[in-house]
Structures are given as C-alpha cells and as structure tokens.
Amino acid sequence: MRLRLVPQETSFDFFKRWKLWLGLSALLMVVGFASFMVQGLNYGIDFRGGTTIRTQSAEMVDVGVYRDAIAPLELGDITITEVFDPTFAEDENVAMIRIQAQEGDEAVTSEMTLAVEQALQGAVPDIEFVSVESVGPKVSGELIQTAVIAVALAIGAVLIYIWLRFEWQFALAAVVALVHDVILTIGIFSELQIKFDLAIIAALLTIVGYSLNDTVVVFDRVRENLRKYKKRPLIEVMNLSINETLSRTVMTSVTTLLALISLFVLGGDVIRGFVFAMIWGVIVGTYSSVFVASSILLYLGVTRDWTKPDKTAGNQFANVDA
Amino acid sequence: MLQIDSWKRVLIWLVCVAGLILALPNAFYTRVEQSNDAIAAIEIGADTPENQALAAQWPSWMPSSLVNLGLDLRGGAHLLAEVQVEDVYANRMEAMWPEIRDTLRPERATIGTIRLQPSEPDEIRVRISQPEGMARALEVVRGLARPVTSLTAAGQNDIIVAADGSDIVVTLSEAEKLASDERTVRQSLEIVRRRIDEVGTREPTIQKQGIDRILIQVPGIGSAAELKSIIGTTAQLTFNPVVNRTSDQNASAGIGNKLVPSIDEPGQYYIIEAAPVVTGEELVDAQPAFDQNGRPAVNFRFNTSGARKFGDYTRDNVGSPFAIVLDDEVISAPVIQSHIPGGSGIITGRFSVEESTQLAVLLRAGALPAGLTFLEERTIGPELGQDSIDAGKVATMVAFAAVLVFMALSYGLFGIFANIALILNVALIFGLLSMIGGTLTLPGIAGIVLTVGMAVDANVLVFERIREELKTARGPSRAIELGYEKALSAILDANITTFITAVILFAMGSGPVRGFAITLGLGIMTSVFTAIFVTRLMIVMWFERRRPKTIEV
C-alpha cells in the first residue's frame with residue numbers, strides 16, 4: 001500500500017473564491033508592509049553596524065548583571081538576550097550582547113570590544129566569548145544596498161526568463177507571486193522581530209527560487225493543457241492543471257519541509273532564523289503559486305492562439321518546448 | 001522504446017563513481033587532513049618519521065582534496081580592511097620636491113628663485129620669483145613626467161603640471177592615481193600575505209575585494225585582535241653598509257656589526273653595519289626595470305630625507321657594496337657604481353626578469369604603503385564552529401532519513417531508485433565541492449539540506465507524470481518514456497530559474513552567503529543530472545531485466 005497524501009484523482013475548484021484568496025493575500029501584504037513601515041525590522045549588525053558578542057558560561061545568565069557590568073562604559077544602546085536551545089549542554093548558558101555602532105567611528109575598534117570583554121569577565125569570571133563580530137557603518141550601508149539589489153536582480157532576471165519561455169501574462173503573474181512572498185516574509189520578520197541579517201537575504205532569494213519552481217511547474221502544465229484543450233475555457237484548464245500537478249506540489253513541499261524542519265529543530269540556534277525564513281517561504285511559496293500566481297494569470301487572461309506567433313505578446317521563444 | 005546507448009550508460013556510471021571517489025576523503029576528514037598537512041610539512045623539509053606515519057594514513061593514489069570548512073564552522077578570524085590609498089599621494093608629492101628643485105635650478109636666469117609653498121597634501125606648489133619665466137618652468141617640470149605604468153592608461157603621464165599665478169602646481173594625474181591605488185592595494189595585499197604566511201597558519205584567505213579593500217580570513221586563529229597585531233607589524237627594510245661576506249654562520253661580526261643570512265644564496269652570510277643608512281620607511285617606490293645594458297634591474301626612489309642620506313652615502317662610498325636587508329635577511333648586496341643624488345637609483349645584479357619583479361615587490365612590500373582601517377571584524381570560536389558542525393551533521397542525517405523513508409513509502413521501488421540517486425547526489429555535491437576547492441559554511445549545510453528536499457522534486461515530477469501516463473495506458477514502457485519526455489520542460493524551467501537566483505546570490509554575496517549559493521547551485525546541477533540520467537538509467541536497467549507487464553509507481 002502506497003502512502004498517498006493526495007488522492008489519485010482530484011477535482012478541487014481552486015478558483016471558486018479566487019477573489020477572496022487574492023483579497024486575503026492583498027490584506028496580508030498590507031499588514032506585513034505596514035508592520036515593516038511602523039515597527040521596522042530587527043536588523044542584525046550586518047545591516048546597521050555595531051558589535052555582537054556571544055558569551056558562554058557555566059553559570060546561569062543574569063542579564064541584569066551583564067547590563068550593570070557594561071553600563072559604566074557608556075556605549076549607548078545595548079541589547080542583551082539569553083539564548084536557549086535544545087542542543088545546548090547542561091552547563092552551556094549562552095547570551096547574545098549587541099552593542100550599537102559607536103558614533104563617529106567609521107571603522108570598528110577593538111578597544112571597545114576589549115573593554116566590554118574585560119568588564120564582563122570582572123562580573124562573570126568563567127565567561128567565554130565564543131564569537132565576536134563587528135561591522136562598521138560604512139560596510140553595513142553597502143550591505144543593505146547590495147541585498148536590495150540582489151533581490152531586485154533576482155526578481156528581474158526571473159521576469160525576463162519566464163517572459164522568454166512563456167508569455168508576459170505568466171511572467172507578470174509569477175513576479176506578483178514572488179513579490180507577495182518576499183513582502184510576507186519581511187512582514188513576519190518585522191511582526192515577530194526576528195533578527196534580520198545577511199543570511200536572511202540568502203533565505204529570501206531561495207524563497208524566490210523555490211516559489212518560482214512551484215509556479216513554473218503549474219504554468220508549464222497550464223501551457224501544455226492550453227494546447228491540448230483548445231476549446232475549454234481558461235478557468236477549467238487552469239483548475240485541471242493545478243489538480244493534475246497537486247500531488248507533485250504537495251510531495252515536493254512535504255519533502256522539503258521534512259528536511260527543513262529537522263534542520264530547524266536540530267541545527268542549532270545560529271542558523272534557526274535562516275531556516276525559519278525558508279520554512280515560512282516554502283509554505284507561502286506553495287500557497288502563492290496556486291492561489292496568487294494562478295489567480296492573477298486567470299485575471300490577466302492568456303492569448304490562446306498558440307499556432308501563429310503573436311507579435312504583441314511573447315516572442316519566438318514563447319513557444320519553445322524543451 | 002526505452003533505450004539508452006551503452007556508451008551513455010558507461011559515462012553516467014563513470015560520473016557517479018568519480019563523484020563518489022572525489023567525495024570519499026571527506027568521510028575521513030581528520031585523517032586526510034593530518035595526512036595532507038604532514039605531506040606539506042615533509043615538502044618543506046620536516047621529514048620526520050612522525051610526519052611520514054601521518055602522511056601514510058591516507059593512500060597517496062587516492063584523491064586527497066577536501067571541502068574547505070568556512071570560518072563559521074572551523075572558527076577563526078575575519079577582517080575586512082580598507083587601504084587608505086590617498087596616503088600614498090602625499091608621500092609621492094613630498095618626494096618630488098628635490099627632483100623639481102634640481103631640474104629648475106639651471107633655469108634660474110629665466111625663472112628667478114624657487115621656493116616650496118605650503119599646499120594640500122596631494123599636490124606640490126613651487127613659487128618662482130619671475131612669473132614671466134613660467135612657460136619655461138612648466139616646460140622643464142613637465143619633462144619630469146613619466147608615462148603611467150599600467151595597461152589601461154598607456155600613453156598618459158603620471159603628473160599634471162599647471163600654473164597658478166606665480167606658482168607651479170604639480171598633482172598626480174587621474175590615470176596615475178588609479179595606477180597608484182592599484183599598486184598600493186596590491187602591495188598591501190602582498191605584505192599582509194607575507195605577514196600571515198610568516199605565522200604559518202592553515203590556508204588563510206587573503207583577497208582583494210572591490211577597489212581598495214582586502215578580505216582576510218584566517219582559520220584557527222584566536223581572535224581578530226590577534227590577527228590585526230600580526231598584520232600591523234610592518235616589515236623592516238633597511239639599507240646597510242656591508243663589512244664582509246662569509247659562509248661561516250658562526251663568524252664573529254664585531255662591535256656595531258651583525259651577521260645576517262642571504263635570502264636567495266643558501267649558506268651565504270653578510271656582516272653588515274647594524275645602523276642602517278636608510279630604512280624602508282623612506283622608500284616611496286620600486287619598480288622592475290632594465291639597466292642601460294638591457295639587463296633586468298629594479299628602479300627605486302626615496303622620499304626627501306631618505307634621498308639626502310642615500311645621496312651622501314653613495315657619494316662617499318663608490319665601489320663598495322651595500323646590503324638591502326629585509327627582516328634581517330639580505331635580499332641583495334649590490335656594489336655602488338656611482339654617486340646617486342636625487343633619491344632614485346637602480347639595483348642591478350644577476351637578475352632574471354622574474355627576480356627583478358620579485359625584488360621590486362619585496363622592496364615595496366617592506367612596509368605597508370598606506371594605513372589600513374578595519375571595516376569589519378569577526379571572531380568565531382572553534383567550539384561554536386564544532387557545535388555547528390555537530391548540529392549540522394545530525395540535522396542532515398535526520399533530514400536525509402526522513403526524506404528517504406517518505407520517498408520509499410510514496411513510490412515503492414521507484415522511490416528507492418530515487419533514494420539511491422539522492423545519496424549519489426549528495427556525494428556528487430561533496431565531490432564537486434572538493435574538486436573546485438569550495439568552502440562549506442553553515443548556510444552551505446542548509447543549502448545541502450534544502451537540496452536534499454528539493455532534489456527529489458525532479459524525480460517526483462517524473463514519477464507523477466508516469467502515473468498519469470499509466471492511466472492512459474499504452475503499456476508501462478511507453479508510460480515511462482513519456483513521463484520523462486513530458487516532465488523535462490517543467491524540470492528544466494523550474495531548475496534554471498532557481499539556478500539564476502543561485503548565480504545572483506553568488507555574484508552579490510560574500511562569505512557564508514556565497515557558501516550557500518555554491519552548494520545550492522551545485523545541488524541544482526547534480527540533482528538535475530541524477531534525476532534525468534541516473535534514476536532513468538536505473539529504471540531502464542530494472543525494466544530490461546524484469547520486463548514487467550504492469551508497473552506501479
């Protein structure tokens with residue numbers, strides 16, 4: 001007996017409430033964006049400069065003691081958080097200390113870090129500094145810029161690729177879905193105030209790749225079925241295509257999520273934010289390829305005449321079948 | 001019908017075997033690493049039985065390249081330094097003064113007296129008392145211009161000479177500034193490398209980044225502060241009078257002298273006066289060149305004070321040798337041919353072109369040509385790296401097991417084929433990573449885990465398609481063939497788009513993010529390969545043997 005997550009034949013009507021789904025997505029995007037505008041992201045030092053120190057001690061972490069030890073140095077905004085993780089040993093008490101970039105310093109100063117380390121050592125004798133990272137404001141500014149360019153480039157490149165391989169309606173629908181995924185991911189990072197650093201940008205781009213992967217598979221089937229059933233209305237063809245690929249969509253999402261969840265639970269706290277972004281992205285990406293990309297494609301409509309090249313939409317590559 | 005040419009079959013299996021063999025050393029990481037280190041140690045002369053034993057831990061006929069572990073996994077220090085390239089302009093301008101003065105002196109009848117004026121650091125201002133002679137003065141000073149030594153700016157001069165009232169203003173041309181920046185960064189890079197190599201840590205990464213930045217990553221070092229202190233120590237370059245040459249390393253040097261070895265003539269020693277005539281801090285430039293007989297030589301130039309000291313010394317010591325000493329080793333000990341005024345000179349010797357280039361680099365590499373500011377510094381403790389490796393290993397194993405079980409449950413025999421392909425897939429990723437000397441980072445492990453999840457996608461696409469084709473029933477072999485055929489366009493489109501994002505990540509990212517892009521990109525390539533060649537071959541081979549009437553996917 002085979003394990004089947006999706007019955008062999010399905011005929012769900014994915015577009016019965018397509019306006020509702022699009023509305024819901026739009027609402028979530030607005031909420032996510034508003035949260036980003038109002039609350040902002042909890043940027044890591046990669047993006048706003050400063051220093052993070054990861055400490056470890058056998059003694060329990062007492063944030064107050066740490067704060068009192070550093071306070072006399074007058075370093076401005078300091079965040080101290082204790083880190084918990086199931087992978088830690090009994091005597092592994094970990095804290096993260098974040099110190100803002102010091103005014104007037106373009107570069108990073110070891111003296112400051114050294115002073116903080118000494119102050120902490122005075123308060124907690126057995127403390128160890130397992131990692132110390134400093135990023136100067138000059139670099140962090142550039143890193144934001146590079147990150148934004150990277151995401152924009154990725155989306156742009158994808159737009160062009162799908163346009164060449166399919167038609168402009170497909171490309172536009174796919175890109176709207178991608179923007180949807182990116183905004184929702186940034187939104188949840190802002191809402192939950194999870195640390196947003198360079199690795200999250202990598203995760204964002206992977207989400208872009210994954211969501212696209214899903215969308216392309218659905219679109220590929222839509223294209224094939226449009227050729228096969230020349231007379232059936234678009235909405236039926238699309239419903240059929242999504243139903244036909246549903247089993248695959250679910251299988252792939254489940255295997256990817258299985259892998260990611262084990263990394264989330266067992267991979268340690270250093271990478272957890274990164275993996276969280278990817279898990280979220282896989283869920284949102286799968287949802288968006290069915291409910292956002294396809295709904296928009298339905299809304300935009302498709303040029304059905306596949307026999308002669310259409311001068312206004314797509315070009316000679318639009319009909320290439322690999 | 002289902003057919004794959006025999007040569008293709010052989011090729012596919014060969015690729016898989018090659019991947020497995022290349023990946024194999026990583027399974028014995030510590031052992032292979034020790035063996036590699038021992039072999040390297042033997043090569044540089046530490047041929048001890050202990051090293052021999054360590055080297056023999058891994059057979060020499062096996063590939064021994066390993067995946068490099070990134071700093072976040074191994075622990076170590078990371079620095080991003082910016083070279084203050086403008087520092088050099090001021091030195092250059094300062095050093096031009098004696099040259100300009102000496103050139104203008106014979107023209108005093110037309111231009112009157114000449115006086116150095118205070119100015120911005122990147123220019124030099126010389127006032128002449130008879131502004132009518134300006135045209136002549138400019139002409140003479142322009143005669144000092146030299147063509148810029150770079151490929152892109154061929155034909156342009158290094159200095160711009162202009163008149164400002166009764167002042168002659170000399171500045172570096174844009175082309176020369178660019179060339180100078182490039183030289184400065186290259187020199188700094190060379191010095192940093194020499195400094196770090198001297199400490200002898202394992203495989204440091206020292207690369208130029210952008211226009212004026214240097215990225216330094218040293219695994220296994222205690223802290224970024226420690227690394228900075230190593231880089232901060234400038235090389236001591238000195239010019240000392242030579243008292244004697246000897247091959248006796250115990251020769252008594254005498255009071256005020258010291259015995260130093262020669263850098264490129266083993267067993268040769270020089271007795272030199274301990275007090276240097278000039279030090280490397282006063283050298284502004286050294287370039288490979290040719291002497292009047294067309295033999296390779298090195299041109300060098302001192303700043304004002306260095307030029308005076310050097311000029312005086314050479315005037316008084318024509319015919320005697322002087323030593324160019326770097327960190328207590330003699331790089332060369334030429335004989336002074338004539339009085340060298342003006343602060344520039346030429347070192348001739350039995351050089352090949354490479355040697356003269358090398359010497360110029362060494363001379364310039366003596367001291368950091370410009371200051372370094374550190375924009376980014378990271379220290380990752382080795383324990384944290386080890387914790388991450390351990391956690392990553394466990395997570396990957398569990399992820400792997402979960403996906404294998406899930407696939408086998410969902411697709412039965414075909415799922416097992418896909419699982420074999422998946423294992424091959426991960427082996428191929430490691431094999432490729434080792435081959436290209438790629439670096440595995442923590443996000444890179446995540447990339448592999450993600451690939452494990454996504455690699456089955458191509459197989460899932462095919463299997464689902466075969467299921468569909470089986471419904472229209474034209475026999476299992478036709479269904480398999482059509483399944484592969486029709487799924488291909490979806491597989492390619494889906495993977496090419498993901499690959500595009502991996503390429504962008506690689507191009508834009510740095511450090512750990514780049515590590516992630518590499519594993520993701522390699523993972524896409526290997527997963528497409530395993531899905532459309534390896535599983536297909538397995539299915540075809542199984543089908544040929546069994547000839548089943550019906551198949552269940």
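This is a predicted model: local features need pLDDT of at least 70, side-chain atom pairs count only at pLDDT 80 or more; totals for chains, interfaces and linings use all residues.
Contact here means heavy atoms within 4.5 Å. Among contacts in chain A between residues at least 6 apart in sequence, 79% link residues at least 24 apart. The secondary structure of chain A amounts to nine helices and six strands, and its C-alpha trace extends over about 80 × 50 × 35 Å along the principal axes. Of the 322 residues in chain A, 55% are buried.

Val222(A) sits in helix H7 of chain A, which covers residues 198–228. Val222(A) counts as buried because its relative accessibility is 0%, the cut-off being under 20%. What surrounds Val222(A), leaving aside its neighbours within four places in sequence? The residues in contact with Val222(A) are Phe170(A), Val237(A), Met238(A), Ser241(A) and Leu297(A). One of these, Val237(A), is 15 residues away from Val222(A) along the chain, and the C-alpha atoms of the two are 6.8 Å apart.

Attention now turns to where the two chains meet. Chain B contributes 66 residues to the contact and chain A contributes 71 residues. Between them, chain B and chain A bury about 6,000 Å², with 63% of that area on carbon and sulfur atoms. Phe406(B), Asp493(B) and Met508(B) account for 10% of the area that chain B buries against chain A, more than any other three residues.

Nine salt bridges are counted between chain B and chain A. In one salt bridge, the side chain of Asp457(B) meets that of Arg248(A), with 2.5 Å from N to O. Which elements of chain B give two or more residues to the side that touches chain A? They are strands E2 (76–83) and E18 (372–380), together with helices H12 (382–435), H13 (442–471), H14 (476–508) and H15 (511–546) of chain B. The most comes from H12(B), which gives 18 residues to this side. Sorted by class, the side of chain B that touches chain A holds 38 nonpolar, 11 polar and 17 charged residues.

Is Thr501(B) buried or exposed? Its relative accessibility is 1%, so Thr501(B) counts as buried. Not counting residues up to four places away in sequence, Thr501(B) touches Ala154(A), Leu205(A), Val208(A) and Gly209(A).

Strand pairing joins the chains as well. Strand E5 of chain A, residues 128–135, runs antiparallel to E18(B), and five bridges join the two. Within this pairing, Ser134(A) stands opposite Glu377(B), and Glu133(A) faces Arg378(B). E5(A) also has a partner in its own chain: strand E2 of chain A, residues 50–57, pairs with E5(A) in the antiparallel sense over seven bridges. There, Gln56(A) is found opposite Glu128(A). How many of the eight residues of E5(A) are buried? Seven are, so E5(A) is largely enclosed by the rest of the structure.

Note on methods. Residues are numbered from 1 along each chain as its sequence is written. Chains are lettered from A and ligands numbered from 1 in the order in which they are written. Side-chain values use heavy atoms; hydrogens and water are left out. Buried area is the accessible area (1.4 Å probe) that two parts lose on being put together, summed over both. A salt bridge is a side-chain nitrogen of Lys or Arg within 4 Å of a carboxyl oxygen of Asp or Glu. Helices (H or I, at least four residues) and strands (E, at least two) are DSSP runs, numbered from the N terminus. Ala, Val, Leu, Ile, Met, Phe, Trp, Tyr, Cys and Pro count as nonpolar, Asp, Glu, Lys and Arg as charged, and the others, Gly among them, as polar. Two strands pair if DSSP finds at least two bridges between them. Buried means under 20% relative accessible area, exposed over 50%, partly exposed in between (1.4 Å probe, protein chains only).
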